[in-house]
Amino acid sequence: ISNLFPHVASCADDLCVIRSMYADVPNHEPSFLLMNCGEGRQARPSMGAWVTYGLGTENQNLPGFIAMCPGGYPTVAGQNWRSAFLPGAYQGTYINTQDVAPEKLIENLRNDFLAPGRQERELELLRKLNQRHLEQRSGDAQLEARIQSFELAWRMQREATDAFDISREPESIHKMYGDSTYGRQLLIARRLLERGVRFLQVWQRAGQPWDAHDQLEQNHRDLAAECDRPIAALLRDLKQRGLLDSTLVIWGGEFGRTP
């Protein structure tokens, strides 16, 4: 383990390093698709979509598959978490983690205009209208996915505020993860895992930050410093809560460059 990752090095006994994987096209776009979808050219479901399709989710009030990236999208954007020919309900839900407050992370998370009882009555009427509309267009997977996403958005009002509010964590946990955007993302990821979210993608930055064509020593030192402490913190945190035995943590990228 490189000396740029002293915290990760302390977790070496919990790591399995795989260095035999490769891509057959030396470009970012097909390599991102190959990494996430197993196919660099054709539209195939992402790993998160397949896992959620096969195993379901343990919490119906939160998306089963969430992708977090601060300040925008990674390369090839939403194709990294697409459902392709699977139903749209299994596509990842993207969240821009640049902001901290839950109501800024997710738009319209709170309804400040209607009392809960009245909103429930309105949504029940909307559900009946949607169901009638769907029955007249049987087999329309896109329409069904859209209806499901609206209903999930309603259910998220009950639970997402708590799940994404890391201010509820004790100071010792904040100190362990560190004061960085990446650390905040991994702390949110742990809170979502505890609440039964099946699959999480956590991106360090938008674009492809590790593709350093020059100034490698400084670039890699800065990038490693962003993620070293949070990754080790996540592994330790999951382990102390008994979650590491049932959670697979995959850390990697689409390809690298030698010095």
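1. Let me start inside the fold: setting aside residues up to four places away in sequence, Leu152 touches Gln60, Asn61, Leu62 and Pro63, where contact means heavy atoms within 4.5 Å. Leu152 sits in helix α6 and is buried, at a relative accessible area of 16%. Here buried means under 20% relative accessible area, exposed over 50%, and partly exposed in between, with a 1.4 Å probe and protein chains only. Pro87, 65 residues away from Leu152 in sequence, is 15 Å away in space, C-alpha to C-alpha.

2. A word on the basis of all this. The model is predicted, so to speak of local features takes pLDDT of at least 70 and side-chain atom pairs count only at pLDDT 80 or more, while totals for chains, interfaces and linings use all residues. Residues are numbered from 1 along each chain as its sequence is written, and side-chain values use heavy atoms, with hydrogens and water left out.

3. Now the overall picture. The protein has 9 helices and 3 strands; these are DSSP runs numbered from the N terminus, helices being H or I of at least four residues and strands E of at least two. Along the sequence they follow the pattern α-α-α-β-β-α-α-α-α-α-β-α. The radius of gyration is 20 Å, close to the 18 Å that the globule rule gives for 259 residues, so the protein is as compact as a globular protein of that length. That radius is taken over C-alpha atoms, and the rule is 2.2 Å times the number of residues to the power 0.38.

4. Some totals to go with that. Buried residues make up 38% of the 259 residues. Of the contacts between residues at least 6 apart in sequence, 71% join residues at least 24 apart. The protein exposes about 15,600 Å², and carbon and sulfur atoms supply 49% of it; the areas come from the Shrake-Rupley method with a 1.4 Å probe, and for residues only the protein chains shown count as cover.

5. At the N-terminal end, Asp140 caps α6, with a side-chain oxygen 3.2 Å from the backbone nitrogen of Gln142.

6. Asp165 belongs to the loop between α6 and α7 (171–177). Is Asp165 buried or exposed? It is buried, with a relative accessible area of 17%. Beyond its neighbours within four places in sequence, Asp165 is in contact with Pro102 and Arg191.

7. For contrast, turn to helix α9 (residues 216–240): its 25 residues reach 35 Å from first C-alpha to last, close to the 36 Å expected at 1.5 Å a residue. Helix α9 bends by about 30° at Ala224, and just after the helix Gly242 takes a positive phi of about 75°.

8. Lastly, Gly78 lies in the loop between β1 and β2 and counts as partly exposed, at 27% relative accessibility.

Technical notes. Expected span 1.5 Å × (residues − 1). Bend = angle between axes of the 7 residues up to and from the residue. Polar contact = N/O pair within 3.5 Å; in protein donor to acceptor, adjacent residues only side chain to side chain.
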